[in-house]
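Visitor: Please show me the model, and let me ask how its labels were assigned.

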Amino acid sequence: QVQLVESGGGLVQPGGSLRLSCAASGSIFSIYAMGWYRQAPGKQRELVATITSGGSTNYADSVKGRFTISRDNAKNTVDLQMNSLKPEDTAVYYCYGYLQKSFATTIRDYWGQGTQVTVSS
């Protein structure tokens, strides 16, 4: 079994900061990419940021310059530092891993349960 467990969500005022963390555990052979997606009420899940094992990053235009993704390959963790938060950042944030459980298995997506981020005064 593979588990991705998020932490760090909560309530923050506009302009504030939060840091999300995600740890992948279980039977893991290799993780090729990790990242964060979010889903606001009534909207589709959307990409926030991803990072490859080599450190290449990709950000949604809406968060560029405000969010920073980082990863510890040795610990199988990924963090998202969120600064200058806006009410429109309010959503459930999901950790994502594109990984392989063993050499003979398919590389596929795995998801965490999600953590709520609310930006409100």
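The questions below concern a disulfide, strand pairing and aromatic contacts.

Guide: This is a predicted model, in which local features need pLDDT of at least 70, side-chain atom pairs count only at pLDDT 80 or more, and totals for chains, interfaces and linings use all residues. Residues are numbered from 1 along each chain as its sequence is written, and side-chain values use heavy atoms, with hydrogens and water left out.

Visitor: Why is the link of Cys22 and Cys95 called a disulfide?

Guide: The term requires two cysteine sulfur atoms within 2.5 Å. Those of Cys22 and Cys95 are 2.0 Å apart, so the pair qualifies. The count by this rule is 1 disulfide. Cys22 belongs to strand β3 (residues 18-26) and Cys95 to strand β9 (residues 91-100), so the link ties together parts 73 residues apart in sequence. Strands are DSSP runs of E with at least two residues, and helices are runs of H or I with at least four, numbered from the N terminus.

Visitor: What makes the link of Cys22 and Cys95 left-handed?

Guide: The angle about the S-S bond is -85°.

Visitor: How do you know whether Cys22 and Cys95 are buried or exposed?

Guide: Buried means under 20% relative accessible area, exposed over 50%, and partly exposed in between (1.4 Å probe, protein chains only). Cys22 has 1% and Cys95 has 0%, so both count as buried.

Visitor: What makes β4 and β5 a pair of strands?

Guide: Pairing needs at least two DSSP bridges between the strands. β4 (residues 30-39) and β5 (residues 46-52) have 6 and run antiparallel, so they pair. Tyr37 is opposite Leu47 in β5. The hairpin of β4 and β5 has 6 residues between the strands, and Gly42 there takes a positive phi near 80°.

Visitor: Why is the pair of Phe29 and Phe103 called edge-to-face?

Guide: Rings of Phe, Tyr and Trp (its six-membered ring) pair if their centres lie within 6.5 Å; planes under 30 degrees apart are stacked, over 60 edge-to-face, and the rest tilted. By this rule there are 5 aromatic pairs. For Phe29 and Phe103 the centres are 6.0 Å apart and the planes 80° apart, so the pair is edge-to-face. At 46% relative accessible area Phe29 is partly exposed, while Phe103, at 68%, is exposed.

Visitor: How do you know that the charged end of Arg45 sits over the ring of Tyr94?

Guide: The rule asks for NZ of Lys or CZ of Arg within 6 Å of the ring centre and within 35 degrees of the ring normal. The charged end of Arg45 sits over the ring of Tyr94, 3.7 Å from its centre. Arg45 also has its charged end over the ring of Trp111, 4.8 Å from its centre.
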